[in-house]
Structure formats: structure tokens, C-alpha cells
Amino acid sequence: ILAILFLAGIIYFLRASGYLQIRFWQDVIEFFTYKPYGVEKLAKKWQRIKSRLDLPSEAEHKLAIIEAEDILDGILKRMGYSGETLGDRLKLLTSAQLSNLNQLLEAHKIRNNIIYDPDYRLSLEQAKKLLEIYEKAFQDLQAL
């Protein structure tokens, strides 16, 4: 009797919360667009990050790199990769999953230099190259 009561409670709260309805519509959207749910929002965010390179400030270029890495970290977390830091999660990947894994590890080191060394200099060309590396990783992960 207790198990039936708990099961009825679970069903009631799932229906009342709307979780199942949200998941259903996410699945429908993914089915008809042939893309994972939320890709359009990520693409808009990515365009804003790339537009930071049009600004003349080196601080904006650094911020673009930091934001790009934050997006990559979020994607890997949602995909279920464990680890405390992005570096730990990247070590779990293989070059079959990300074709530019070595470049991505180097980009991660540069991002750490940006964060921990306030005197680190980042040129516009270097920032463009780093964003290209992140964009390739997003494409490999089918996030863009």
C-alpha cells in the first residue's frame, strides 16, 4: 500500500510540475529541427562572443576567450563528462571525439594564462585563432 501511495505521489508531482510536458516538447523540437534542443540559443551567444573581436580593446578579446571556454565547459558537463575542471574533462576525451584536442588543450593553457596573469598579452590574431579552435570543437560536438 505504501509503495502504491509513493508511486501515485510521484505521478501526481510529475504531472503538476510540467516536467514531462517540457521534455515532450523538447523532443518534438529536436525531432523536427534535426538539432539538439538549445542550439539556436548557443549560436546567438557564439555570435556575440565573436563580435567582441570587432572591438579594439584587448580586454574584450580576453573576455571572448574566457566566455568561449565557459560554453565548452557547460557543453561537456551536460554531456556527462566528470571532473572538477575543464582540463580534467578534456583529458577524458579522445582525438576521435574532438579532432583538435591538442589545440584545445593549448587554448585552455592560454585561457589559464589570461585568468591568472594580469600582464598576459593577447593579440587580435591569437584571439581569432583561439576562437577558431573553440568553434571547431563545438562543431565536432555538434553544438553549433
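Helix α4 meets helix α7 through His61, Ala64, Ile65, Ala68, Glu69, Ile71, Leu72 and Ile75 in α4 and Leu124, Ala127, Leu130, Leu131, Tyr134, Ala137 and Phe138 in α7. Contact here means heavy atoms within 4.5 Å, and helices are DSSP runs (H or I, at least four residues) numbered from the N terminus. By class, this contact has 13 nonpolar, 1 polar and 1 charged residues. Ala, Val, Leu, Ile, Met, Phe, Trp, Tyr, Cys and Pro count as nonpolar, Asp, Glu, Lys and Arg as charged, and the others, Gly among them, as polar.

The model is predicted: local features need pLDDT of at least 70, side-chain atom pairs count only at pLDDT 80 or more, and totals for chains, interfaces and linings use all residues. Residues are numbered from 1 along each chain as its sequence is written, and side-chain values use heavy atoms, with hydrogens and water left out.

**Helix packing**

Two packed helices are described by the angle between their axes and the distance between the axes. Axes are lines fitted to C-alpha atoms, for helices over the stretch in contact, and angles run from 0 to 180 degrees between N-to-C directions.

| Helix pair | Angle | Axis distance |
|---|---|---|
| α3 and α4 | about 160° | 9 Å |
| α6 and α7 | about 130° | 10 Å |
| α4 and α7 | roughly 15° | within 10 Å |

Angles under 35 degrees count as roughly parallel, over 145 as roughly antiparallel, 65 to 115 as roughly perpendicular and the rest as oblique. The angle of about 160° between α3 (residues 39-51) and α4 (residues 58-78) makes α3 roughly antiparallel to α4. The α3 and α4 crossing is left-handed; a crossing has this hand if the near helix is turned anticlockwise from the far one by less than a right angle, and is right-handed if clockwise. On the α3 side the contact is made by Leu42, Lys45, Trp46 and Ile49, and on the α4 side by Ala64, Glu67, Ala68, Ile71 and Ile75. This contact has 7 nonpolar, no polar and 2 charged residues.

For the second pair, an angle of about 130° makes α6 oblique to α7. The crossing of α6 and α7 is left-handed. Among the residues in this contact are Leu104 and Ala107 of α6 and Ile133 and Tyr134 of α7. Its classes are 7 nonpolar, 3 polar and 1 charged residues.

The crossing of α4 and α7 is left-handed.

The largest nonpolar core has 33 residues. Such a core is a set of buried Ala, Val, Leu, Ile, Met, Phe, Trp, Tyr and Cys residues joined through side-chain atoms within 4.5 Å. Helices α3, α4, α5, α6 and α7 each supply at least two residues of this core, and the largest share, 8 residues, comes from α4. Leu72 and Tyr134 have the most contacts inside the core. Beyond its neighbours within four places in sequence, Leu72 is in contact with Leu86, Leu90, Leu104, Tyr134, Ala137, Phe138 and Leu141.

Asn100 lies in the loop between α5 (86-91) and α6 (101-116). Its relative accessibility is 6%, so Asn100 counts as buried; buried means under 20% relative accessible area, exposed over 50%, and partly exposed in between (1.4 Å probe, protein chains only). Leaving aside neighbours within four places in sequence, Asn100 is in contact with Ile133, Lys136, Ala137 and Asp140.

Ile29 sits in helix α2 (residues 19-33) and, at 36% relative accessibility, counts as partly exposed. Its C-alpha atom is separated by 34 Å from that of Ala127, 98 residues apart along the chain.
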